[in-house]
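Here are my notes on this one, as promised. Keep the structure open while you read.

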Amino acid sequence: MGNYTITVLPGDGIGPEVTDQAINVLNAVAGRFGHTFTYHKRLVGVAAIEAEGDAISDESLEVCLHSDAILFGAVGGLPNYDGRYKVKPEQALFKLRKGLQFFANLRPVKPLNSLLSASPIKPEVLRGTDLLVVRELTGGLYYGHLEPPVPGKPSEIRKTGHGTEAIDTLLYTEAEIERILRVAFEAARDRKKKVTSVDKANVLSSSVLWRQVADRVAADYPDITFEHLLVDACAMHLIRKPSSFDVIVTENLFGDILTDEASMLAGSMGMLPSASLGTRKTANGRLGLYEPIHGSAPDIAGQGKANPIAAILSAAMLLQYSLGLKDEAAAIETAVEQVIQAGYRTEDLREAETKIINTQEMGQKIASAL
Ligand code: ATP
Ligand code: MG
């Protein structure tokens, strides 16, 4: 029985709707296992820009630093937003990831048996799929390295004598590549003992370096089967034979794209959780930020259609990685499976003979199953 503090950053669009349900489920865990969770809610995204003038305030970052874990919803993507404010809501994510050094983003993809028919991929192809994408989160194209460096400005559009041009730069250091590769190999040791390193080494210099470093790190893990794969081929194999993968490790943008693709193996964007981890320790594990892989989904915000399971499974990852509560995390996963098995679905997973319920009802069902 422990006492834990969790910073909650609900954000924009469906962010608050799905994090509310993750909190309901965490409260059910607290009730069943006798823990006390204290939540510190802070503004992030558009709400923070309007109230505090920044996508996330320095004070909120401090609150994050002094908690056991961070539960995050989504920011940005709102229609009619551009031009209203100078600050972009997405800057909150860059500030959190860079500021707290969350360089490793873990995205497990394990389709539930009772959802195999909800995916556009054939059930016989999906069966046995259980993979983990380890996405590098604090480098690459998302963080420009202009000469001279322009802080907080990941890209630049400029007028030249030949018309307007835009540049983004893709830079990785050996140390950044090595630390993310090690996360992948360590994760594989607790899983099916295979690592696939994904790059575009036939075109990109950063990928050539990535391969060299990956080969060197792989030599330290002789117990792990290791392979390289080009990102375009990986996109194809994810659909053709997803069960052949165990751990996929890749750079920032490739990881973003491949996991939106992989979400459809699980049936919906609303099913995939994530954990962002760095080197900071807490009393019971590592400080981490937990969020669904989806964004703010403005098209369905405020309608009760959002699937809260990605947020709820993110809360399970929070219990496991930051609080060290493995049984509690497993209990959430079992509760999700039971509710899906019983035929309850949010709109995104609509199929014949399923019972469609809203965001809040899905959260309540899972909390009750606990
Ligand atoms: P980001 O740039 O933050 O990754 P995105 O452009 O990938 O965002 P999302 O906001 O993730 O876009 O959503 C893409 C679409 O997927 C949404 O428009 C919505 O229809 C669907 N979607 C996303 N999340 C959910 C969810 N939790 N439940 C149901 N549908 C969802
Ligand atoms: Mg996306």
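1. Let's start with Lys193. Lys193 is partly exposed, because 15 other C-beta atoms lie within 10 Å; the label covers what falls between buried (20 or more other C-beta atoms within 10 Å of the residue's own) and exposed (12 or fewer), with C-beta atoms placed from the backbone. Lys193 sits in the loop joining α6 (174-189) to β8 (194-199). Helices here are DSSP runs of H or I with at least four residues, strands are runs of E with at least two, and both are numbered from the N terminus. Lys193 is not a glycine, yet has a positive phi of about 60 degrees.

2. A word on the model and its labels. This is a predicted model, where local features need pLDDT of at least 70 and side-chain atom pairs count only at pLDDT 80 or more, while totals for chains, interfaces and linings use all residues. Residues are numbered from 1 along each chain as its sequence is written, with chains lettered from A and ligands numbered from 1 in the order in which they are written.

3. Now Glu353. Glu353 also has a positive phi, about 65 degrees, without being a glycine. You'll find Glu353 in the loop between β13 (344-345) and β14 (355-356).

4. Phe103 is in the loop between α4 (91-99) and β4 (104-109). Phe103 is buried, since it has 21 other C-beta atoms within 10 Å. Setting aside neighbours within four places in sequence, its contacts (C-beta atoms, placed from the backbone, within 7 Å) are Glu136, Leu137, Thr138, Arg179, Ile180 and Gly278.

5. Have a look at α7 (residues 205-218). This helix has 14 residues and spans 20 Å from first C-alpha to last, close to the 20 Å expected (1.5 Å times one less than its number of residues). Its buried residues include Ser206, Trp210 and Val217. Seen down the axis, the buried residues of α7 fall within an arc of 125 degrees, so they line one face; the arc is that of the directions from the helix axis to the C-beta atoms. Among the elements covering them are α6, β8 and β9 (225-230).

6. Finally, ligand 1. Which residues are closest to ligand 1? Of the 17 residues around ligand 1 (C-beta atom, placed from the backbone, within 6 Å of it), the closest are Gly270, His294, Gly295, Asn307 and Asp348.

Methods. Two residues are in contact if their C-beta atoms, placed from the backbone, lie within 7 Å.
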